[in-house]
Amino acid sequence: MREREFHPESVRSILVIRLYFLGDVLLSTPVIAALKNRFPDARLSVLIKKRALDILVGNPAVDDVIIYDEPERYHNPVWQLRLASRLRRARYDLAVDLTGDLRSSLLLLAADPGFRTGVNHAGLGCLLDRRIPYRSTGHVVDHLLSALLPLGVDAGEETPSLYLTKEEQIQARDLLESRGITAGESFVMLSPGAGSRLKRWRPERFGNLAERIKKELGLSSVVTGATGDRELADAVVASSGGAAVSLAGATDVRLLAAVAAEAVIFVGNDSGPMHITASQGTPIVALFGASTPERFAPRGARSRIIWHRFDCSPCDQRRCGRPDGSCMDAIEVAEVLGAVTELLSEVGTTAAARGVERNTSGGEPSDNAGEQQE
């Protein structure tokens with residue numbers, strides 16, 4: 001396919017495609033922000049899965065969200081053709097494919113934008129005017145931002161962002177107060193969940209950590225997680241000696257971010273909540289095991305990474321053959337407590353002392369990131 005020339009002065013509409021999950025869309029927001037900064041007058045649309053919509057609500061860089069619908073439609077050729085036709089009618093001047101799989105590549109081909117760039121993940125780079133080779137090393141945010149290099153876009157200091165409303169912040173404070181965390185009280189946020197068992201620190205160690213944080217630092221702990229993490233959270237609370245309370249199952253993505261914004265520090269596994277917390281500028285102690293911080297360390301907040309690297313690190317996160325326990329078992333409570341103490345000495349023990357500029361939209365979620373569905 002003949003490569004077309006890129007003419008930045010002609011860009012009036014942009015399409016970004018990111019057909020992965022919630023955390024992937026969050027880590028793509030620096031790309032979205034950099035594009036909007038470079039082309040402030042262009043209308044910027046993002047094609048995502050419905051489950052990731054909460055990440056883009058209120059984002060000032062996003063003018064339009066197009067939903068790639070639920071799985072039952074993925075293999076429906078009629079629906080796929082309707083979506084492709086809609087994208088083609090939009091006549092985008094520029095499209096950036098951050099997914100790079102067969103679906104996104106074919107949609108991009110059907111849309112036929114003025115210029116196509118993106119990640120060559122599935123070997124379909126021939127469909128792009130400029131392509132960025134897929135890299136399995138380096139931080140994923142840097143990899144995604146590299147898709148903008150052919151456009152001459154300077155990403156600057158962009159970091160993942162999730163914008164909250166004032167109402168969501170109030171709702172978070174009310175929820176915390178219902179669990180005994182009074183207004184203005186500093187607390188530590190603990191996140192024991194993760195997508196893989198080999199990425200989870202033992203819940204009893206989280207509980208022991210909460211107990212020592214209360215005894216030595218005078219701070220209570222709040223355990224967060226999805227509905228499926230309730231059992232984990234209960235185990236943490238049971239091991240904490242009364243130093244922790246649970247919010248597992250009580251928050252959606254946006255309310256979790258609002259709770260994270262109120263925390264003085266976050267301690268948790270490599271997971272979506274870690275990146276959500278980083279988007280609010282809350283300091284982080286991140287626990288890594290099967291995955292690698294080189295690729296997934298939190299961006300946008302001060303952090304301490306605890307990772308014991310072994311010959312088998314990183315691994316496929318499916319099974320562990322180490323006879324002396326997994327790499328997460330090598331992380332001791334004392335070293336996590338030391339990292340928490342050190343980080344708190346730098347940033348202070350209240351959220352206000354951090355002086356973090358919050359990502360706040362200032363009101364109700366704006367129409368610019370409203371759901372549009374085929």
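This is a predicted model: local features need pLDDT of at least 70, side-chain atom pairs count only at pLDDT 80 or more; totals for chains, interfaces and linings use all residues.
Let me start with the aromatic cluster, in which ring pairs link Phe6, Phe39 and Phe115, where rings of Phe, Tyr and Trp (for Trp, the six-membered ring) pair if their centres lie within 6.5 Å, and where planes under 30 degrees apart count as stacked, over 60 as edge-to-face and the rest as tilted. Residues are numbered from 1 along each chain as its sequence is written, and side-chain values use heavy atoms, with hydrogens and water left out.

A search of the whole structure finds 4 aromatic pairs. In one of them, the rings of phenylalanine 6 and phenylalanine 39 have centres 6.4 Å apart and planes at 90°, so the pair is edge-to-face. Phenylalanine 6 lies in the segment before β1 (13-18) and phenylalanine 39 in the loop between α2 (29-38) and β2 (43-49), so this pair ties together parts that are 33 residues apart in sequence. Helices here are DSSP runs of H or I with at least four residues, and strands are runs of E with at least two, numbered from the N terminus.

Tyrosine 68 and tryptophan 79 form another edge-to-face pair, at 5.1 Å centre to centre and with 80° between the planes. Tyrosine 68 sits in strand β3 (residues 64-68) and tryptophan 79 in helix α4 (residues 77-90), so here the parts tied together are 11 residues apart in sequence. Both tyrosine 68 and tryptophan 79 are buried.

Turning to the chain as a whole, there are 14 helices and 13 strands, and buried residues make up 55% of the 374 residues. Among contacts between residues at least 6 apart in sequence, 66% join residues at least 24 apart, a contact being heavy atoms within 4.5 Å.

Next, the helix packing. The axes of helix α8 (residues 203-217) and helix α13 (residues 333-347) come within 10 Å and cross at roughly 45°, which makes α8 oblique to α13. Axes are lines fitted to C-alpha atoms, for helices over the stretch in contact, and angles run from 0 to 180 degrees between N-to-C directions; angles under 35 degrees count as roughly parallel, over 145 as roughly antiparallel, 65 to 115 as roughly perpendicular and the rest as oblique. Residues making this contact include Arg205, Leu209 and Ile213 of α8 and Val336, Val340 and Leu344 of α13. By class, the contact of α8 with α13 has 9 nonpolar, 2 polar and 3 charged residues, where Ala, Val, Leu, Ile, Met, Phe, Trp, Tyr, Cys and Pro count as nonpolar, Asp, Glu, Lys and Arg as charged, and the others, Gly among them, as polar.

At what angle do α7 and α10 pack? Helix α7 (residues 166-178) and helix α10 (residues 253-262) pack at about 75°, with their axes 8 Å apart, and they are therefore roughly perpendicular to each other. Among the residues that meet there are Glu168, Ala172 and Leu176 in α7 and Arg254, Leu255 and Val259 in α10. By class, the contact of α7 with α10 has 6 nonpolar, 2 polar and 4 charged residues.

Finally, a few single residues. Arginine 200 lies in the loop between β7 (187-191) and α8 and is partly exposed, with a relative accessible area of 30%. Not counting residues up to four places away in sequence, arginine 200 touches Pro192, Gly193, Ala194, Gly195, Leu232, Asn269 and Met328.

Most residues other than glycine have a negative phi. Arginine 91, however, has a phi near 50°, a positive value; arginine 91 lies in the loop between α4 and β4 (94-97) and counts as exposed, at 67% relative accessibility. Aspartate 112 likewise has a positive phi of about 50°, and aspartate 112, in the loop between α5 (102-111) and β5 (116-120), is partly exposed, with a relative accessible area of 36%.

Note on methods: Buried means under 20% relative accessible area, exposed over 50%, partly exposed in between (1.4 Å probe, protein chains only).
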